[in-house]
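Work through these exercises with the model open. Each task is followed by a stepwise solution.

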Amino acid sequence: MKRTASAIALVLLATVAHAQAGDRVEELLSAMTLEEKLGQLTQYVGGQPELDAALKKGLVGSILNLGGAASTNEMQRQALAGSRLKIPLLVANDVIHGYRTIFPIPLAIAATFDPALAELAARTAAREARASGIHWTFAPMVDIARDPRWGRIAEGAGEDPFLGAAMAAAYVRGFQGRKLSDPDAVMACAKHFAAYGAAEGGRDYSAADMSERVLREVYLPPFRAAVQANVATLMSAFNTVNGVPATANRYLLDDVLRKEWKFRGFVVSDYAAVAELVNHRIAATPHEAAIAALTAGVDMDMQDLSYGTLAEAVKKGTLQESAVDTAVRRVLRAKIDAGLFENPFTDETRAASVILSREHREAARRVAQRSFVLLKNENVLPLKKNEGTIAVIGSLAESKEDILGPWSSEGKAEEATPILDALRAAAKGAKIVYARGTGIADAKEDEFAAAVALAKDADVILAVLGESREMSGEAASRSSLELPGRQQQLLEALVATGKPVALLLLSGRPLTIAWAAEHVPAIVQAWFPGTEGAHALADVLFGDANFSGKLPVTIPRTTGQVPIYHAELPSGRPANVENRWTNKYADLPLGPLYAFGHGLSYTKFEYSGLKLSAPAMTAAGTLTASVSVRNTGARAGEEIVQLYMSDLVASVSRPVRELKGFHRIALAAGETKRVDFPITREQLEFWGEQGWVVEPGTFRVRVGPSSASGLEVTFEVR
Ligand code: GLC
């Protein structure tokens, strides 16, 4: 009885608070001038020339690229002093995978297949960011990407919408916490709405063009999951979607986002994306662009100040002031929810106790350990820490900058550890020697020869190769996925010494390492593992921790094989190596180099006993698929058990497999666990002519260690 009473009280309190906030918004709105309203819809960049004058007139809604409690408090003081109605600033920053304690890049966190770790990373980042005066992060980036030439594949959860949706919701929970007004919460921002990852040719900022079905089934699910997780804001994308720029796309911003998904927050444009509508040729002037963006549903304009020109449109009657009011209500509501009217300033003593705390560093190391993907291992790993000589070759082994990866917010290289130092700290007797061999893009003959000579005298070689951190992230599309510079030649020279070689890849994307896959006995995809990443690498390389990550993206054999991903549609002529007239490249073996979901361990896992709770279900019903997984090796490990669904006959062609479930489980040596997967409508539906449908017929379930293998069983949907 008591519990019910308290629940009712909570609901009443929330209802009252909601109503009070609404009243407050209306009070403010009715007192605001048109210029003040447009000021709230304008986001400046810290240091922008027009900023000081705008602050003095109370015409700044938000500032981005600020950080540090003292400087944000000073900016807040100026904003409140200039604002006639004392409306506080929203301070924003790109806190993508950490603020000062930098976590692995989001693509690496996706490789953990563990939303709880994504939430932990976001929670940690939010605590450090809010203590530093930041109220709003431009994260999570939830763009699905199936073309690794696109550098921003590094910032998201990879190629799969089911994994991407789970990660999106987890990041939102982590960043926003219990209440946006809490001292360790920041408003999240799901970006870039929408289909930015479908840029043609993997060229950043290119057009995205696709069927409604692909838009709905592949690119929108992570945004929908973020909205269902109550994300406070979205960011509109730079690209066009089926010919209409995302930043003026009423179908996406209003029909889908607000009318269908009931999104209540606000939308900010990407950087200067409003003015860029002129380049997209849907507006002749920034003024026309501003009208198009605002009326489509972009509430706040980032950096290009186009919204400042809208006063004229309202006065001339080409824009209703009610459209401005709708956007201002959303922004004011967010500021109230973030508690900024009551507490516009940050406690400047808080940061010292949270930033780079032991707890945060340990969290970053824990996430990094689980993000590494062991692609191949023929008895080279783990390395012996007590004996012998290990030759570490490659400039990335001594880099503190690159290990942080792109979009590393306020992360500082001096607070990270180079891989070489971490290996030396972890070794207990083994001798660790180092040579650069070659840079990422530069190469000097003498360094090359010296590295090979050093390697010849070692017992084992660790080649640390890949990309610099600038080679992925924004404006970092690459036409080739090969190892940059002369790293491939260096690798071949190291293998030619005849010593065992382990290749450690640092990159923000899959690289086409077909030669290495054939000639190098051990390969680890390490991504960019962050501030504690080097120590985490030493943990797994010396075997103090086990590998458990799985690929969130397919690794192609060559750049020419792109796009290649696990959830492809079937062909009328399925690939057949014996038959020329089938779906394949004449100059390549079939299939990718490494499949989505692939990843090895120091132990082995055996799957058995796949069963369904019933042979059939209705679209409204449920089924449970269960499987046994046994650790048949000699050491403990964690396995990511994956469930793929195939709709074998439907009114439209359906993907050959779709990820519809995953569980990370820990197993001691010899231990067996039963893993259950619920099958509901969610696992069966596809986008039909008018919306989501489930069609009766036979479905196939496959449960296994990757998208390429597993136990199978079929069932009927009636
Ligand atoms: C950039 C990015 C976006 C980022 C914004 C602010 O151009 O596209 O992801 O949040 O500008 O830095």
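**Exercise 1.** Which residues of helix H8 (residues 212-219) are buried?

*Solution.* Start with the ground rules. This is a predicted model, where local features need pLDDT of at least 70, side-chain atom pairs count only at pLDDT 80 or more, and totals for chains, interfaces and linings use all residues. Residues are numbered from 1 along each chain as its sequence is written, and side-chain values use heavy atoms, with hydrogens and water left out.

Step 1: Buried means under 20% relative accessible area, exposed over 50%, and partly exposed in between (1.4 Å probe, protein chains only). Helices (H or I, at least four residues) and strands (E, at least two) are DSSP runs, numbered from the N terminus.

Step 2: read off the list. Leu215, Arg216, Glu217, Val218 and Tyr219 are the buried residues of H8.

Step 3: find their partners. These buried residues pack against helices H7 (161-176), H9 (221-228) and H10 (250-260). They also pack against strands S7 (240-241), S23 (686-687) and S24 (692-693). Contact here means heavy atoms within 4.5 Å.

**Exercise 2.** Identify the members of the largest nonpolar core that touch the most other members.

*Solution.* Step 1: define the set. A nonpolar core joins buried Ala, Val, Leu, Ile, Met, Phe, Trp, Tyr and Cys residues through side-chain atoms within 4.5 Å.

Step 1: The largest core has 219 residues, and Trp136, Phe193, Leu234, Leu381, Leu504 and Leu541 touch the most other members. Helix H6 (residues 115-131) supplies the largest share, eight residues.

Step 2: look for another core. A second, separate one has 24 residues, including Val627, Ile665, Val675 and Leu684.

**Exercise 3.** Where is Asp94 found, and is Asp94 buried or exposed?

*Solution.* Step 1: locate it. Asp94 is in the loop between strand S3 (90-93) and helix H5 (106-110).

Step 1: apply the cut-off. Asp94 is buried, because its relative accessible area is 11%.

Step 2: check its partners. The side chains of Asp94 and Lys191 make a polar contact at 3.3 Å. Leaving aside neighbours within four places in sequence, Asp94 also touches residues including Asn65, Thr137 and Ser409.

**Exercise 4.** Which backbone features stand out at Lys191, Phe193, Asn379 and Ala475?

*Solution.* Step 1: check omega. The peptide bond from Lys191 to His192 is cis, with omega near 0°. His192 sits in strand S5 (residues 189-193). The bond from Phe193 to Ala194 is also cis.

Step 1: check phi. Asn379, not a glycine, has a positive phi of about 60°. Ala475, not a glycine either, has a positive phi of about 55°.

Step 2: check exposure. Asn379 counts as exposed at 78% relative accessibility, and Ala475 counts as exposed at 55%.

Definitions and conventions. A polar contact is a pair of N or O atoms within 3.5 Å; within protein, one must be able to donate a hydrogen and the other to accept it, and residues adjacent in sequence count only if both atoms are side-chain atoms.
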